[in-house]
Amino acid sequence: MAAAIPMKRVPDLSVEVIVGSQLPEMVSQPLTPYSSEAISFLGALSIRLFANPSIRLYPDVAAFAYWCRRSNLTRLSRSFDTQTRRIGRGLVLHIAPANVPVNFAFSLAFGILAGNANIVRISESNHPQATIICGEISDLFRDPKHTRIAAMTRVIKYPREHEITAELSRLCHARVLWGGDVTINHLRSMITSPRCIDICFPDRYSLCILGAEAINAADEQAIDNLVSGFYNDVFLLDQNACSSPHLVIWQGSREDVDNAMSRFWPAMEHLLSTKFVPPAIHAVDKYSHLCSVAIRLKGCTSISRQQNYIYRVRLESLPEKIENYRGQHGFFFEAIDNDLEGLKSIVDDRFQTVTCFGVSPQSIIDSIIEAGVNGVDRVVPVGKALDIGVIWDGYDIIGTLSRIISEQ
Amino acid sequence: MNAPDFSDWLEFNPYAFSADVKSHKLTKALVELTKWHSVQCESYQKILNVLVENTGSVNCLEDIPFIPVRLFKEFDLLSIESDEVFKIMTSSGTSGQQVSKIYLDRKTAALQTKVLSRLMSDVLGKKRLPMLIIDSPSILKNRQAFSARGAGILGFSMFGLNVTYALDDSMSLDMPAIEAFLARHHGSPVFIFGFTFVIWQHFVLSLQKKGIHLPLDKGIVVHGGGWKKLQEQSVDNDAFRHALKSVANVNKVVNYYGMVEQTGSLFVECEFGHLHAPIYADVIFRRPIDFGIAEVGEEGIIEVLSLLPCSYPGHALLTEDLGVLLGVDDCRCQRLGKYFRVIGRLEKAEMRGCSDTYETRT
């Protein structure tokens with residue numbers, strides 16, 4: 001099948017191959033998006049992961065396994081472009097982030113679903129999540145049912161070395177690049193094949209919009225759900241994820257907002273105190289950041305603390321470049337912005353996710369579009385900030401990683 | 001506003017005040033310093049605006065607003081005009097790391113020296129002693145600014161006579177220099193000074209390796225600078241003392257806890273192995289969970305207070321060290337005030353999140 005197709009071979013580079021056979025044996029003969037091979041492989045991976053006892057320890061692995069269920073992928077395939085004939089672009093190189101352990105798996109799954117052969121460079125951090133997922137993939141690849149996907153898939157490790165990335169960049173048809181701005185700029189400065197496209201996921205900034213009236217009117221169960229959703233959005237990745245909120249915009253009268261704050265934040269503090277004891281260095285980090293912000297940012301007038309779990313800096317108005325003041329481990333700026341005029345005046349292309357509660361997502365999207373601003377790619381309910389999907393950072397990833405064969 | 005003047009504190013014995021008496025006097029002095037710095041240092045004022053909702057409610061040392069010691073790495077914080085800067089001290093960070101910059105005027109530098117001298121006379125006696133420095137003389141030559149190590153050596157050298165460096169430029173034992181020093185001061189008390197890690201790595205281990213034994217039975221070793229590197233080698237205070245006894249027959253080993261951000265007001269170890277707060281300074285142990293006050297015996301983040309910092313707002317600093325208060329006013333050595341133990345650096349936590357990736361690693 002594959003041997004008859006002439007194609008550029010991937011050279012034998014000095015990398016550690018975690019999943020798949022040696023690189024030169026790789027086949028990069030693309031499939032159609034949401035091919036039966038892809039769905040059958042990812043669906044089988046989902047089943048295997050759920051059967052793995054260690055999944056209990058890693059909610060992020062469980063979230064990935066849940067996402068790549070056959071039923072979910074079939075649902076996604078139905079809503080994918082049915083108007084045009086499509087095929088994968090060919091070989092996709094993924095540079096996965098070091099500190100979000102399962103992102104490499106999503107990136108790979110997107111590449112497979114789009115119909116591509118994929119080389120995924122994972123970090124050398126040796127996350128147990130990566131070991132679990134790669135182990136299950138390797139086992140599945142022994143099953144002859146998955147021969148085609150196996151021939152098209154490699155997960156590799158190599159030191160942060162320019163040359164190997166450069167060589168792979170010259171070979172591939174698309175690159176999926178995750179990283180900080182410096183990394184992305186560095187990777188984009190490399191020479192690629194002229195047709196190669198890049199999908200870049202650089203540093204982003206995210207916020208949360210809360211409706212005060214809705215919080216004040218909510219029953220205990222609704223508040224519990226809200227704070228546990230907010231906890232997941234912020235604390236699962238120490239507030240370092242691009243989609244974790246750093247700014248909380250309140251809507252409502254001053255009185256309603258004050259009441260809602262004194263309901264929401266103590267509930268948040270209570271939940272945090274049942275979840276974990278933060279490392280002492282986090283307290284020092286947050287306190288240091290607070291002092292640094294006090295010096296650098298005009299107009300921060302007061303600070304509230306929920307022990308050392310949460311630091312909140314109250315702002316009378318939203319300053320430009322607020323994304324440069326982001327903290328970690330539960331550090332927020334808060335302001336009232338009823339008509340979102342303040343937000344619209346500071347949004348730039350770094351803004352990614354808006355999580356919301358008690359405010360209609362549709363109305364937020366309406367004001368983003370009406371204002372014609374360059375940022376905000378995602379408006380989702382509180383609790384969904386980290387739910388990565390085939391539409392991310394404003395890209396239709398499956399669409400972008402496949403090409404259209406037009407008839408006219 | 002006139003700069004606060006605490007030179008009259010030098011008239012008291014450094015451990016003369018019980019915790020109650022001291023808390024009262026030191027609180028007054030530190031409130032004065034807080035006011036001074038808030039007028040003189042704009043950045044400090046901005047921090048106070050955010051931190052302190054209700055100024056004037058300071059009733060005890062624990063109420064004095066504190067700033068993180070890390071801030072001196074990020075900002076130039078000074079409470080004097082730039083033409084009054086007499087010297088700039090820097091922390092000794094490894095290359096690439098940001099270093100703290102501490103701005104001193106003549107008055108602050110002089111008071112640091114006087115207080116240090118007061119504290120050291122308690123350890124070394126009133127007379128200056130022949131001094132062996134366990135370091136290389138190049139540590140002073142190679143830097144323009146005063147590194148913490150260089151500044152420490154220079155500062156302590158004032159209490160020595162016939163100052164001799166025990167290590168050469170490659171940090172190896174300079175045996176001819178050591179032997180000449182020993183021959184000259186045979187049988188008399190000598191002052192041996194160095195940084196904890198340097199003494200261990202380049203003195204104790206080198207002597208052990210070469211099988212050399214030095215007759216320093218009248219030596220007084222004073223060392224500081226932190227245990228971080230020795231903890232990695234599982235060397236604690238006891239092991240350190242024993243090793244010095246075995247390679248050089250040293251009977252008196254005195255550790256101190258101090259930092260370049262509060263030069264002068266050191267916390268010096270007593271004969272029972274406890275670090276003591278002198279009247280010019282104090283320690284507070286804060287709970288990581290809410291910065292509340294830890295009880296005796298309970299670990300906490302160390303906050304250090306000192307009345308010396310006048311040219312920069314460093315009189316109340318939250319360190320990145322963990323320690324534990326052992327007791328108040330009741331150490332067997334009879335020194336009054338708080339005594340404590342330093343446990344070590346706060347551990348860096350692993351970074352999670354999507355921005356750190358391919359090229360950079362923290």
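Helices (H or I, at least four residues) and strands (E, at least two) are DSSP runs, numbered from the N terminus. Over residues 355–362 of chain B the pLDDT falls below 50, yet this stretch has 27 contacts in the model beyond near neighbours in sequence; a contact requires C-beta atoms, placed from the backbone, within 7 Å. Chain B as a whole has a mean pLDDT of 90, with 92% of its residues at 70 or more.

This is a predicted model, in which local features need pLDDT of at least 70 and side-chain atom pairs count only at pLDDT 80 or more, while totals for chains, interfaces and linings use all residues. Residues are numbered from 1 along each chain as its sequence is written, and chains are lettered from A and ligands numbered from 1 in the order in which they are written.

Turning to the complex, the predictor assigns an ipTM of 0.91 and a pTM of 0.90. Here 37 residues of chain A are in contact with 34 residues of chain B. On the chain A side, α8 (181–188), α12 (280–296) and β10 (300–306) each supply at least two residues, and α12(A) gives the most, with 12 residues. This side of chain A comprises 22 nonpolar residues (Ala, Val, Leu, Ile, Met, Phe, Trp, Tyr, Cys and Pro), 12 polar and 3 charged (Asp, Glu, Lys and Arg; the others, Gly among them, count as polar).

Methods:
Two residues are in contact if their C-beta atoms, placed from the backbone, lie within 7 Å. pLDDT is the predictor's confidence in each residue, from 0 to 100.
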